[in-house]
Amino acid sequence: MNALCELETLLLEGAGRHLVRISGTIREVTPSYYRVVGLSQFVKLGDQVGFDANGRTQIGEVVRIDGNGLTIKPFNGRIDARIGTPAFLVSNAGLSPDPSWKGRVINALAEPLDGQGPLAPGPRPVHHDAEPPSAMTRARVHKPLHTGVKAIDLFTPICQGQRIGIFAGSGVGKSTLLTMLAKCEGFDTIVVALVGERGREVREFLEGPIQASLHRAVMVVSTGDESPMMRRQAPRTAVSIAEYFRDCGESVLLIIDSVTRYAHAARDVALAAGEPAVARGYTPSVFSDLPRLLERAGPGEEGKGSITGIFSVLIDGDDHNDPVADNIRGTLDGHIVLDRSIADQGRYPAINVLGSISRLADHVWSSDQKELVRRLRGLIARYEDTRDLRMMGGYQPGTDQDLDQAVVLVPKIYEALRQDPSSPLSRDAFMDLAQALKQ
């Protein structure tokens with residue numbers, strides 16, 4: 001009988017412990033973060049801390065720990081904290097993706113935005129900052145991917161499991177090209193992260209060309225008016241979901257628009273944590289966070305699926321030597337450059353074929369196609385290099401055979417590469433080009 005009483009006492013004490021929250025006190029509030037004392041010895045970087053305000057719990061992430069307390073960056077753009085408000089440690093179990101998430105629209109915290117009810121949790125949680133597969137166990141990338149975009153399939157072909165960036169200034173057609181690539185066939189799942197985009201573009205993307213593929217897509221949305229924490233979290237949530245489907249053996253297309261706005265958000269968080277700015281206002285952690293995020297895409301381990309990553313990169317001020325763009329370019333497996341001068345001529349997609357490259361193109365081209373592309377690039381380079389000379393009347397037909405050929409063929413090549421989202425996808429880009437040159 002005494003043993004039963006002792007057991008009952010232990011159970012009651014255990015139940016009571018679950019009702020106790022480890023808490024501290026808010027001592028400082030700023031427009032971008034707040035400070036909490038009394039919790040430093042119980043938390044680590046990345047943990048979540050919350051406080052109750054207006055009948056609900058507002059959650060933030062620990063971005064700095066020091067002897068005087070914690071710096072908390074909130075996910076909510078508005079901080080309703082007051083001095084003396086109790087703050088407590090919140091369980092941070094990550095997210096649990098499930099196949100039923102396909103066709104859903106969620107925010108950076110994996111909360112539904114589409115009004116279709118709560119999300120069903122999957123069988124196991126995944127971490128927002130999971131490690132990429134080991135370099136020695138990853139599968140090799142070699143299977144060609146048909147995008148249907150003629151300029152890409154001809155000059156910068158992509159393989160499944162490749163990571164490629166679309167580099168462009170604002171208003172050059174970056175998002176439009178992404179919608180065209182979202183129609184690619186051969187993928188089991190599509191995961192799209194819209195980071196820092198205009199609110200009106202969300203429905204345009206959903207109800208546009210991707211609508212036919214929406215049943216196999218998961219949309220993660222964080223618009224430009226949301227807090228830096230939400231914009232920083234959205235790509236990580238999208239990659240975590242893509243990793244779940246990859247580990248299920250599926251071929252996943254991951255689209256993030258844009259990685260630059262992720263870098264902007266990561267900079268804001270790092271500055272709030274007290275990091276110094278080292279390159280055009282960017283903090284050192286930004287340049288370590290970017291490769292860590294991008295490396296999570298790509299092929300999985302042998303026998304599992306792959307993540308084909310397409311990342312848009314917004315070029316600030318059309319400066320392609322911007323530190324963020326330079327860092328991303330060196331991490332990815334290729335880059336597609338959109339040129340404003342080409343867009344000004346009305347040629348879309350405004351891809352600069354001379355400035356674009358795919359590091360895995362040799363896995364796609366045959367030897368004859370490789371030689372043909374080399375020849376086409378040479379003609380285009382000759383045509384562009386002599387544009388000013390021809391404009392001034394310094395070109396005389398018959399004096400340079402290669403230039404004569406470029407003047408005849410390059411305008412036809414440019415015309416053949418024209419496409420817009422409403423155009424049908426190309427089935428064979430080389431065949432389409434051959435037919436255009438015969439005319």
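This is a predicted model: local features need pLDDT of at least 70, side-chain atom pairs count only at pLDDT 80 or more; totals for chains, interfaces and linings use all residues.
Taken along the principal axes, the C-alpha atoms fill a box of roughly 105 × 45 × 40 Å. Of the 439 residues in the protein, 52% are buried. When contacts between residues at least 6 apart in sequence are considered, 71% of them join residues at least 24 apart.

Helix H6 covers residues 259-272 and helix H7 covers residues 284-295, and their axes, which come within 10 Å, cross at roughly 135°. That angle makes H6 oblique to H7, since only angles over 145 degrees would count as roughly antiparallel. The crossing in which H6 passes H7 is right-handed. On the H6 side the contact is made by Val 259, Tyr 262, Ala 263, Ala 266, Arg 267 and Ala 270, and on the H7 side by Ser 285, Val 286, Asp 289, Leu 290, Leu 293 and Leu 294. Sorted by class, the residues of this contact are nine nonpolar, one polar and two charged.

Two backbone features belong to the surroundings of this pair. Ser 258 is found in the loop between strand S13 (251-257) and H6, and a cis peptide bond, with omega about 5°, joins Asp 257 to Ser 258. In the loop between H6 and H7 lies Arg 280, a residue that is not a glycine and yet has a positive phi of about 50°. Arg 280 has a relative accessible area of 54% and is therefore exposed, the cut-off for that class being over 50%.

Ala 110, in the loop between strand S7 (105-106) and strand S8 (144-145), has a phi near 60°, a positive value in a residue other than glycine. Ala 110 counts as buried because its relative accessibility is 15%, where the limit for buried is under 20%.

The loop between S7 and S8 also holds Gly 117, which has a relative accessible area of 28% and so is partly exposed. Apart from neighbours within four places in sequence, Gly 117 is in contact with Arg 104 and Pro 112. Gly 117 and Arg 104 are 13 residues apart in sequence, and their C-alpha atoms are 9.9 Å apart in space.

Towards the end of the numbering, helix H12 (residues 401-416) packs with helix H13 (residues 429-438) at an angle of about 135°, and the axes of the two are 9 Å apart. H12 and H13 are therefore oblique to each other, and their crossing is right-handed. Where the two helices meet, H12 contributes Leu 409, Lys 412, Ile 413 and Ala 416, while H13 contributes Leu 433, Ala 436 and Leu 437. The residues of this contact divide into six nonpolar, no polar and one charged.

Within the loop between H12 and H13, Ser 426 can be followed in more detail. Its relative accessibility is 4%, so Ser 426 counts as buried. The side chain of Ser 426 reaches the backbone nitrogen of Asp 428 at 3.5 Å. When neighbours within four places in sequence are left aside, the residues in contact with Ser 426 are His 146, Gly 148, Lys 150, Gln 419 and Asp 432.

Key: Residues are numbered from 1 along each chain as its sequence is written. Side-chain values use heavy atoms; hydrogens and water are left out. Axes are lines fitted to C-alpha atoms, for helices over the stretch in contact, and angles run from 0 to 180 degrees between N-to-C directions. Helices (H or I, at least four residues) and strands (E, at least two) are DSSP runs, numbered from the N terminus. Angles under 35 degrees count as roughly parallel, over 145 as roughly antiparallel, 65 to 115 as roughly perpendicular and the rest as oblique. A crossing is left-handed if the near helix is turned anticlockwise from the far one by less than a right angle, and right-handed if clockwise. Contact means heavy atoms within 4.5 Å. Ala, Val, Leu, Ile, Met, Phe, Trp, Tyr, Cys and Pro count as nonpolar, Asp, Glu, Lys and Arg as charged, and the others, Gly among them, as polar. Buried means under 20% relative accessible area, exposed over 50%, partly exposed in between (1.4 Å probe, protein chains only). A polar contact is a pair of N or O atoms within 3.5 Å; within protein, one must be able to donate a hydrogen and the other to accept it, and residues adjacent in sequence count only if both atoms are side-chain atoms.
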